[in-house]
Amino acid sequence: MKLTGAEIIVKCLIEQGVDTIFGYPGGAVLNIYDALSKYQKEIRHILTSHEQGAAHAADGYARATGKVGVCLATSGPGATNLVTGIATAYMDSVPMVAITGNVNLSLLGKDSFQEVDIAGITMPITKHNFIIRDVNELAPVFRRAFKIAQEGRPGPVLIDIPKDITAQIAEYVYHEPEQIIKSKNRVNNRDIQDALALLETCQRPLICAGGGANSYGAAEELLTFAETLQAPVTCTLMGLGAFPATHPLYTGMIGMHGTKTSNFAATQCDLLIAIGARFSNRVVSNAKRFAPEAQILHIDIDPAEINKNIRCQKAIIGDVTEVLQALNSKLAKSKRDEWLKQINDWKERFPLKYNQENGLKPHYVIEKIYELTGGDAIIATEVGQHQIWTAQFYKFTKPRTLISSGGLGTMGFGLGASIGAKLGNPDKLVINIAGDGSFRMNCIELATAVEYNLPIIIVILNNHALGMVRQWQDLFYDKRFAQSDLNRGTDFVKLAEAYGAIGFNLTRTEEVEDVLKKAIAANKTVVINCEIDRDEKVFPIVPPGEAIEDLITEEV
Amino acid sequence: MKMDNRHVISVLVENQAGVLSRVSGLFSRRGYNIDSLSVGETADPKFSRITLVARGDEHILEQIEKQLNKLIDVIKVETLDPDSSVFRELALIKINAQTGARASITEIVDIFRAKIVDVSSSSLTVEITGDESKINAFIDLMRPYGIKELVRSGLTALARGPHALNENEEEV
Ligand SMILES: Cc1ncc(C[n+]2csc(CCOP(=O)(O)OP(=O)(O)O)c2C)c(N)n1
């Protein structure tokens, strides 16, 4: 059938199974919005307060559901407002399709009103991007974009569309979406044999699960793998939830804010099995002194991750779930008393703990959230101390339950991401754990949550400071607190109420449970302002450049 | 080519707008050193071939190849072995050539099988093709006369023998 470019875009989205998109209108996308209004039954459009919020929401939707997140913005400032969101998705390998309008084809390259070369700008932060120059390319490009976003290592794809193309007419024929082949690399049998040889001879294995293992399929295989191998398991921040934190083999997070057990285990293991993890500097710290006694077996879908940051002895390239299946089918059950005894000894001697003095403790609030939700909620975070406390003190037991900007570390990510996560999982409780600094960055999205009746709970761990910055200044800059004070006197409860949300103040430990219960029962957008001490710190911490075994802990 | 850690990498790409900036952007972003880059259509206008000369140890070369392979527009990447490849570069050199110097310049041009492609009352322009060392040697010999302008195409290369880097491994 003959359709306008704008209608073809909407039809292609429907074809790909898109039911929700996040966006913000403007001149260059008027035709697309007009077409969207005709297909409201098929596609729900969520109008955010800011395009950055739309990008984070699409990202949160994708992380929580595993489907492609879609966002839409107009040319120029609309497009540039997406940039932080696209970069955030890129760094954490999130499948996303970002659609931008642009000026008419004939005006491209002339510095026209609201023209920006968004394809050029996003080249280093997308898996791929397209500029459409012919209406007949629209449908094939959209189909390809969804495929690229999901295939192999997922990532964001941007499609830039000049306005006149959205008005032109072309033939549209429905296509069944192509089957997504996760990895082009079939798991190589020789690699599996070599890996099995390593697994069967090692004495002190440690499994390190990253974001690539954080899906339901992979998590199931990982559990079998770890139990068969009788190997302790640590997770990177992106891996949290890939392995149940309640499991006896779990050692806690690894890296800069890892547990002593995980960091000691990495230093003393003789085989480190990295699964869907990329050895980022936040994990490895001093690369020369990382896992000095270990052979490294690296399992990843992206060949470029092999030998990029850490050199490995053996690599298996492929979809993590398939690789683990192949290993599990051949692996014999191991017995491993001595190493596990050492691990358990560390776990007993060095549990994560915190000083109970000084009023309301952020750790306690997070523990209570875990208790009340049974680990069943989706937890989104912003970036800073609250993010790390969440990673440490909430026991993530299921994949896709922590939504956090690990790679880019984007403050202001969490609220938008919670909106996306909630829309993708209407039956799940969604909680955004925030710092006051991060919350202030994008709190405008409260308007979105309220408008769409999204019962999201925003827990602000309010230290009236850019806490993580303050902590570094305290520990490494002789307490010179340059520009990290946030004593701005903003009343977050009133702010919440002004947006039509419910606000609670929380100052005393005894009230925590009660307020959290009320917030959950309210079934509305709720902001809980928790007043915590500004000198509360995140421990353990590995000082910059040190080996991960040399962590600083608090004297409790 | 492996001399002083230099590698000649041949990259077959989709002939798409932006593909050159994707490739060059990758090199600058990741801090890979690049000595030269040349690009042109293949026999099939749907594809282009980029020839890169890059510097780095084998780990860097491994990363360069893998990162290039991640680009969607890249179809194939191959590092060419100098022993089984043909490397060529073209240079145009405008030389100060007062009447007295012309004869000796022409003599050197002949020895190098180069070509004089433009003549004016005070200059000669020479075209020379060959591998890098031949061109470097020629340039060194021309310096005493005074080089007014110089342009080099950057290395281009093909593997010897019937092997082809085409998408379907056949001559396109
Ligand atoms: C967009 C952005 N700007 C700056 C930073 C640097 N940064 C990292 S943590 C942090 C402080 C965060 O403060 P807050 O949100 O209040 O959280 P807290 O550390 O106090 O829990 C800053 C400024 C960042 N990560 N993201």
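1. Let's start with Asp111(A), which is exposed, having a relative accessible area of 75%. Here "exposed" means over 50% relative accessible area, "buried" means under 20%, and "partly exposed" is in between (1.4 Å probe, protein chains only). Asp111(A) sits in the loop between β5 (96-102) and α6 (118-121) of chain A. Helices (H or I, at least four residues) and strands (E, at least two) are DSSP runs, numbered from the N terminus. Although Asp111(A) is not a glycine, its phi is positive, at about 55°. From Asp111(A) to Ala449(A) is 338 residues in sequence and 36 Å in space, C-alpha to C-alpha.

2. A quick word on what you're looking at. This is a predicted model, in which local features need pLDDT of at least 70 and side-chain atom pairs count only at pLDDT 80 or more, while totals for chains, interfaces and linings use all residues. Residues are numbered from 1 along each chain as its sequence is written, chains are lettered from A and ligands numbered from 1 in the order in which they are written, and side-chain values use heavy atoms, with hydrogens and water left out.

3. Another backbone to check is that of Lys479(A), which has a positive phi of about 60° despite not being a glycine. You'll find Lys479(A) in the loop between α20 and α21 (492-498) of chain A. While you're at it, look at the peptide bond from Phe539(A) to Pro540(A): this bond is cis, with omega near -5°. Pro540(A) belongs to the segment after β20 (526-531) of chain A.

4. Now for Ser405(A): is this residue buried or exposed? Ser405(A) is buried, with a relative accessible area of 1%. Its place is the loop between β16 (402-403) and α17 (414-424) of chain A. The side chain of Ser405(A) comes to 2.9 Å from the backbone nitrogen of Thr410(A). That pair is a polar contact (N or O atoms within 3.5 Å; within protein, one must be able to donate a hydrogen and the other to accept it, and residues adjacent in sequence count only if both atoms are side-chain atoms). If we skip neighbours within four places in sequence, Ser405(A) is in contact with residues including Arg63(A), Thr88(A), Asp92(A) and Phe413(A). "Contact" is used for heavy atoms within 4.5 Å.

5. Thr228(A) is buried too, with a relative accessible area of 15%. This threonine is part of helix α10 (residues 216-229) of chain A. Which residues is Thr228(A) in contact with, leaving aside its neighbours within four places in sequence? They are Leu331(A), Ala332(A), Lys333(A) and Ser334(A).

6. On to the ligand, which has 17 residues around it, the closest being Gln385(A), Gly409(A), Gly437(A), Ser438(A) and Gly467(A). A residue is in this shell if one of its heavy atoms lies within 4 Å. By class, we get seven nonpolar, nine polar and one charged residues. (Ala, Val, Leu, Ile, Met, Phe, Trp, Tyr, Cys and Pro count as nonpolar, Asp, Glu, Lys and Arg as charged, and the others, Gly among them, as polar.)

7. Zoom in on the oxygen atoms of the ligand. A polar side-chain atom of His386(A) is 2.9 Å from a ligand oxygen. Polar backbone atoms take part as well: one of Gly437(A) lies 2.8 Å from an oxygen of the ligand, and one of Ala465(A) is at 3.1 Å from a ligand oxygen. On its own the ligand has 590 Å² of accessible area, and the protein covers 76% of that (Shrake-Rupley method, 1.4 Å probe; for residues, only the protein chains shown count as cover). Elements giving two or more residues to the shell are α16 (385-393), α18 (436-442) and α20 (467-476) of chain A. The largest share, four residues, is from α18(A).

8. Chain B has four helices and nine strands. Read from the N terminus, they go β-α-β-β-α-β-β-α-β-β-α-β-β. The C-alpha trace of chain B spans about 55 × 35 × 30 Å along its principal axes, and 42% of the 172 residues count as buried. Chain B exposes about 9000 Å², with 50% supplied by carbon and sulfur atoms.

9. Last stop: helix α4 (residues 132-142) of chain B, where Glu132(B), Ile135(B), Phe138(B), Ile139(B) and Met142(B) are buried. Down the axis of α4(B), these buried residues fall within an arc of 130°, so they line one face of the helix. The arc is taken from the directions from the helix axis to the C-beta atoms. As a reminder, an α-helix has 3.6 residues a turn, so residues three or four places apart point the same way. The buried residues of α4(B) pack against elements of chain B, among them β1 (6-14), α3 (102-111) and β8 (147-152).
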